Amino acid sequence: NVHLRSTDRCLKLYCQCFALSTTCGPKCKCQTCYNTSIHAESIEEARRTILERNPSAFDDKFRGMPATPSPYRVPPPPPPPPAIHV
């Protein structure tokens with residue numbers, strides 16, 4: 001992951017980590033990065049703003065790229081319970 005813009009603080013969709021709903025890590029080349037766990041409120045605010053403008057903004061932006069688990073990713077709903085036949 002390569003991030004070179006310092007003014008957006010990695011809270012824009014050009015940042016692969018942000019677009020994948022993960023935080024930036026040590027392999028990123030960020031400068032003044034806010035896409036970290038200590039900036040959770042800034043991340044959520046940026047995501048809300050982007051999703052208000054484009055509800056599918058985070059859908060498969062970087063398809064096929066490995067994603068790391070993030071506390072900001074919304075988990076899928078659990079499967080329905082099995083049907084009980086009596």
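1. Start with Arg 47. In this predicted model, Arg 47 is buried yet forms no salt bridge. Glu 44 is the nearest side chain of opposite charge, and it lies 4.7 Å away.

2. What does the side chain of Arg 47 make a polar contact with? The partner is the side chain of Ser 21, at 2.8 Å. Arg 47 itself sits in helix α2, while Ser 21 belongs to the loop between α1 and α2. Setting aside neighbours within four places in sequence, Arg 47 is in contact with Phe 18, Ser 21 and Phe 58.

3. Look at Ser 21 again. Its phi is positive, about 60°, although Ser 21 is not a glycine. Ser 21 is also buried, with a relative accessible area of 10%.

4. Cys 10 is not a glycine, but has a positive phi of about 65°. Cys 10 is found in the segment before α1. Is Cys 10 buried or exposed? Cys 10 is buried, and its relative accessible area is 0%.

5. Now the core. The largest nonpolar core contains 15 residues. Those with the most contacts inside it are Leu 13, Cys 15, Phe 18, Cys 24, Ile 50 and Phe 58. In soluble globular proteins, nonpolar side chains tend to be buried together.

6. One link back to the opening point. Phe 18 and Phe 58 are among the core residues with the most contacts, and both are in contact with Arg 47.

Note on methods. Residues numbered from 1 in each chain as written. Predicted model: local features only at pLDDT ≥ 70, side-chain atom pairs only at ≥ 80, totals over all residues. Heavy atoms only, no water. Core = buried A, V, L, I, M, F, W, Y, C linked by side-chain atoms within 4.5 Å. Buried < 20%, exposed > 50% of the residue type's maximum accessible area, 1.4 Å probe, protein only. Helix = DSSP H or I, 4+ residues; strand = E, 2+ residues; numbered from the N terminus. Lys, Arg positive; Asp, Glu negative; His and termini not counted. Salt bridge = Lys/Arg side-chain N within 4 Å of Asp/Glu carboxyl O. Polar contact = N/O pair within 3.5 Å; in protein donor to acceptor, adjacent residues only side chain to side chain. Contact = heavy atoms within 4.5 Å.
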